[in-house]
Amino acid sequence: MPIKLIASDMDGTFLTANDMYNQARFERVLSEMTKRDMKFVAASGRQVKNLQQLFAPTIAKGYALDFVGSNGAVVATSEQQLYSVHLSAEQLAKVIDWNAKNPESAENIIIMTGDNATYVSNHATGPVAKMVFQFYPNVKQVEKLMSVDDHILEITFVWPNDEVQQHVAALREVFGNELHATGSGFGSVDVLGRGVDKATGLQVLQDYYDVLDDEVMVFGDNGNDLEMLTKYENGFVMPNAEAFMQDAVAKKAADVNVNDGVLKTIENYLGI
């Protein structure tokens, strides 16, 4: 069946480096996709607001993009928000309490993504704090995270190393199906509502646009992409992804992210 919707992760997948993408090449691809009534979705651990800022130059030219943000907790078209899932106050307290009692969490940073802002402890300093301000919009440093008055979409723990799978496994063992924990690179582990991931977020857009699974193409490189990469037949892992991702997904993108691998694969499909 012809592809109607193409979704791509951002960091390590679509972006080459430092929030950069080949704008001219992307817009050439988008123009051809528009002619064929195909949608492009930015599917990321980043917030929708950050993604909109990232693609502002392209959007300003009249191109319409869709978004699966916060690892599936928020779904939006170019015109409206379709869906969001929040953590309850009880769930927030449980997760933060788990982190406080975890011996390996002594040096990590907690980030809470809300509807109105991103919250991080005012004790956070150094390179990780700098990273928070780069990747999250409207960051507010607070004394007590549990006193924040906002609806929280996800909690992110950032460890000072990239070995996150052990932390993901520990969270899943503790919380089972009550919450969803996933690794998203850069030493980060995201904790979301039950059943929330990029695949469920994409399903919202599929239902909205009446798109079947066989009509979806997706790209990713990390653990938070795994659900969507394994759900769809046309799921492509990046050649620069870690070994555990290469082993889990059979199809590979045409090139690594720094060589526009996503765009090259789409061009090959479109024949342009």
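T265 is buried, with a relative accessible area of 9%; buried denotes under 20% relative accessible area, exposed over 50% and partly exposed in between (1.4 Å probe, protein chains only). The model is predicted, and local features need pLDDT of at least 70, side-chain atom pairs count only at pLDDT 80 or more, and totals for chains, interfaces and linings use all residues. Residues are numbered from 1 along each chain as its sequence is written, and side-chain values use heavy atoms, with hydrogens and water left out.

T265 belongs to helix 11; helices (H or I, at least four residues) and strands (E, at least two) are DSSP runs, numbered from the N terminus. Apart from neighbours within four places in sequence, T265 is in contact with F219, F236, A253 and A254, where contact means heavy atoms within 4.5 Å. Helix 11 covers residues 261–270, and seven of its ten residues are buried, so this helix is largely enclosed by the rest of the structure. Besides T265, the buried residues of helix 11 are G261, V262, L263, I266, E267 and L270. These buried residues pack against helix 1 (10–14) and helix 2 (23–35), as well as strand 1 (5–8), strand 2 (39–43), strand 12 (216–220) and strand 13 (234–237). Just after helix 11, G271 adopts a positive phi of about 75°.

Seven strands form an open sheet in the order 5-4-3-2-1-12-13, with mixed pairing; two strands pair if DSSP finds at least two bridges between them. Strand 5 (81–84) and strand 13 stand at the edges with a single partner strand each, so one side of each lacks a neighbour in the sheet. From one strand to the next, the twist averages 15°. Strand 1 pairs with strand 2 in the parallel sense over four bridges, and I6 has F40 in strand 2 as its bridge partner. Helix 11 lies across strand 1, strand 2, strand 12 and strand 13, and runs at about 155° to strand 12; axes are lines fitted to C-alpha atoms, for helices over the stretch in contact, and angles run from 0 to 180 degrees between N-to-C directions.

The protein chain as a whole contains eleven helices and 13 strands. Its C-alpha trace spans about 55 × 40 × 35 Å along the principal axes. Of the 272 residues in the protein chain, 56% are buried. Among contacts in the protein chain with a separation of 6 or more, 64% involve residues 24 or more positions apart.
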